[in-house]
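Please look through the sequence and the model below before reading my comments. I have kept them in numbered points so that each can be checked against the picture.

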Amino acid sequence: MSRRRRWNRAAVQAACVAITLFMGVPLYLITLAALSSRASLNEFPLPLVPTDPSTETMSTFLESTGVTGGFLNSLTVGLLTVVAALLVGVPAGYAVARYTFRGRDTYQLFLLLIRALPIVVLSVPLARIFLDTGLYDTTYAVTLIHTALALPTTVLITAAIFVGVPREHEEAAMIFGASPARAFLRVVAPQALPGIAAAAMFAFMLSWNEVLGATVLTLNQRTLPAQVLTTLSDSPLAYRFAGGLALVLPAVVFIAVMRRYLLNMWGTTLR
């Protein structure tokens, strides 16, 4: 039995290493290309270790028209999407977890169906609505559509977390004089913080990576993915590698910041 357990453990570790390599090798290659000189990019085969590190490629990309503005727009839209999704999704998730009401299961299924709806179906009608309301080509328009896309995941994740928070803790706080709102903020929310952090991470990642809606709904206020996409076909190879690194790096940093809450949610303690 102990030998079988060791084999199972070795198989799990090998699978984890394989998944890590599958996700990490492309990131490494993009980083290597983005931090190499243009001359080294033309070498074949491209060395797998840095031989001629240079910031020429990244500096050229960052100095390109629209990149700095696109980065700021992406950051603004991503943070606003997180805030809006949490302000609406956390109370909705709490209601789904704590209260029994008619149509609750149908409501959760409807949330999943919203995520299954292709964004291309919504882009043209939304563009027309935003043109009529004056919101077209603004970060607020992109924030609204990203929030709508992030809400189903936010509600379902937070609902699952609130189910795991004992109701007795909340009731005990109200017995000692706390209002329902205060009991939620002081007792329930801290225990559900890992799930809320996970929902925030998914909302930010969805907003940061979404490109079609941002491309259709903006012209001059495009996010970084939309800006890179519109100029990709006419750009040199160095621009493409630098753009890939610029798109990936902020998301990796955000995940690294949130990982403590995610690991705590899965029962792992960081020392």
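The points below go from the whole chain to single residues.

1. The model is predicted, and that should be kept in mind throughout.

2. As for overall dimensions, the C-alpha atoms fill a box of roughly 70 × 70 × 30 Å when it is taken along the principal axes. Of the 271 residues in the protein chain, 38% are buried, and among contacts with a separation of 6 or more, 69% are between residues 24 or more positions apart.

3. The accessible surface of the protein chain is about 16,200 Å², and 68% of that area belongs to carbon and sulfur atoms. A nonpolar surface patch of about 640 Å² is formed by Val17, Leu21, Val25, Tyr28, Leu29, Leu48 and Val49; one of these residues, Leu21, lies in helix H1, which covers residues 2-34.

4. Turning to charge, the protein chain has 19 positive and 12 negative charges, and their mean positions are 17 Å apart. Side chains of opposite charge can pair when their charged atoms come close.

5. How many salt bridges does the structure hold? There is one, and it joins the side chains of Arg128 and Asp132 at 3.7 Å, N to O, a distance within the 4 Å cut-off. Both residues lie in helix H6 (residues 119-133), four residues apart, or about one turn of the helix, and both Arg128 and Asp132 are exposed.

Conventions: Residues are numbered from 1 along each chain as its sequence is written. This is a predicted model: local features need pLDDT of at least 70, side-chain atom pairs count only at pLDDT 80 or more; totals for chains, interfaces and linings use all residues. Side-chain values use heavy atoms; hydrogens and water are left out. Patches are made of residues with over 30% relative accessible area and no salt bridge: like charges are joined within 9 Å, nonpolar side chains (Val, Leu, Ile, Met, Phe, Trp, Tyr) within 5 Å. Accessible areas come from the Shrake-Rupley method with a 1.4 Å probe; for residues, only the protein chains shown count as cover. Helices (H or I, at least four residues) and strands (E, at least two) are DSSP runs, numbered from the N terminus. Buried means under 20% relative accessible area, exposed over 50%, partly exposed in between (1.4 Å probe, protein chains only). Contact means heavy atoms within 4.5 Å. Lys and Arg count as positive and Asp and Glu as negative; His and the chain ends are not counted. The place of a charge is taken as NZ of Lys, CZ of Arg, CG of Asp or CD of Glu.
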